Amino acid sequence: MGLFDFLKKKPAMPATLEEGMASQANDFVHAFSQPGAPIDGHKLDYTEASLALVDRVLDDFFKQQAPLPDDLHFLASAYVFEVARREFGGRYLRGDEDNPFVLVIGQGDAQVGVCVMGKVRGRAVNGPEDDLGFFYAGIGPTVARGTSATLV
């Protein structure tokens, strides 16, 4: 059984984008909780600190100059999204080509759009300059300002 064999199953379609993203984040945790995984998936606890593990996975692709597989890109992005949604709340909306999904935190004139997918791909391609911890650390202060912004 391979590390990503669970991707071959055909799950039921989630009722909402939030349920779908949470399911994909759970799949990321499950994949890296298997024996032989490059990180200890049991430490993927949906906290800001656990993003260092995701960063480590993406850093391996950067160091090897290997393309990030689309399924892993989506699962890693879902995990980062769900870390943010669990801390700050929000809802998912459709985005653009670089960021097909955006987490929108807040309402009205105080909406913060968090574009994770481009950042996750950037971490695998550009290396430490797209550090996930640094990116994530900017969410809280931006939300606290109470103004609209987009984080990419």
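A residue is called buried when its relative accessible area is under 20%, exposed when it is over 50%, and partly exposed in between, using a 1.4 Å probe and protein chains only. By that rule, buried residues make up 41% of the 152 residues in this protein chain.

Good morning. The structure under discussion is a predicted model, in which local features need pLDDT of at least 70 and side-chain atom pairs count only at pLDDT 80 or more, while totals for chains, interfaces and linings use all residues. Residues are numbered from 1 along each chain as its sequence is written, and side-chain values use heavy atoms, with hydrogens and water left out.

Let me start with the overall form. The C-alpha trace spans about 50 × 35 × 30 Å along its principal axes. The radius of gyration, taken over C-alpha atoms, is compared with a globule rule of 2.2 Å times the number of residues to the power 0.38. For 152 residues a compact globule would have a value near 15 Å, and the protein chain has 15 Å, so the two agree. The chain exposes about 8,100 Å², of which carbon and sulfur atoms supply 54%; accessible areas come from the Shrake-Rupley method with a 1.4 Å probe, and for residues only the protein chains shown count as cover.

Next, the secondary structure. Helices (H or I, at least four residues) and strands (E, at least two) are DSSP runs, numbered from the N terminus. The chain holds 6 helices and 4 strands, and along the sequence they follow the pattern α-α-α-β-β-β-α-α-α-β.

How are the strands arranged? They form an open sheet of 4 strands in the order β1-β2-β3-β4, with mixed pairing. β1 (91-94) and β4 (149-151) stand at the edges with a single partner strand each, so one side of each has no neighbour in the sheet. From one strand to the next, the twist averages 30°. As background, strands of a sheet pair through backbone hydrogen bonds, either parallel or antiparallel. Here, two strands pair if DSSP finds at least two bridges between them.

I shall take the pairs in turn. β1 and β2 run antiparallel and are joined by 4 bridges; R94 stands opposite F101 in β2. These two strands form a hairpin with 6 residues between them. β2 and β3 are also antiparallel, with 3 bridges, and V104 stands opposite G113 in β3. They too form a hairpin with 6 residues between them, and G106 in the turn has a positive phi of about 95°. β3 and β4, by contrast, pair in the parallel sense over 3 bridges, with V112 opposite A149 in β4.

Contact means heavy atoms within 4.5 Å. Axes are lines fitted to C-alpha atoms, for helices over the stretch in contact, and angles run from 0 to 180 degrees between N-to-C directions. Helix α1 (residues 17-31) touches β1 and β2, and its direction makes about 100° with that of β1. Helix α3 touches β1, β2 and β3, and its direction makes about 5° with that of β2.

How many residues of β2 are buried? The count is 5 of its 5 residues. In a regular strand the side chains alternate between the two faces of the sheet. In β2, F101, L103 and I105 lie on one side and V102 and V104 on the other, and all of them are buried.

Away from the sheet, consider helix α4 (residues 116-126). Its buried residues are V116, M117, K119, V120, G122, R123 and A124. Their cover includes α2 (51-64), α3 (70-88), β2 (101-105), β3 (112-114) and α5 (132-137). Just after α4, G127 takes a positive phi of about 80°.

Two single residues complete the picture. D55 is placed in helix α2 and counts as buried because its relative accessibility is 9%. Leaving aside neighbours within four places in sequence, D55 is in contact with R123, D131 and L132. V29 belongs to helix α1 and, at 13% relative accessibility, also counts as buried. Not counting residues up to four places away in sequence, V29 touches G41, L44, Y46 and Y79. V29 and H42 are 13 residues apart in sequence and 7.4 Å apart in space, C-alpha to C-alpha.

Finally, a figure for the whole chain: among contacts between residues at least 6 apart in sequence, 58% join residues at least 24 apart. Thank you for your attention.
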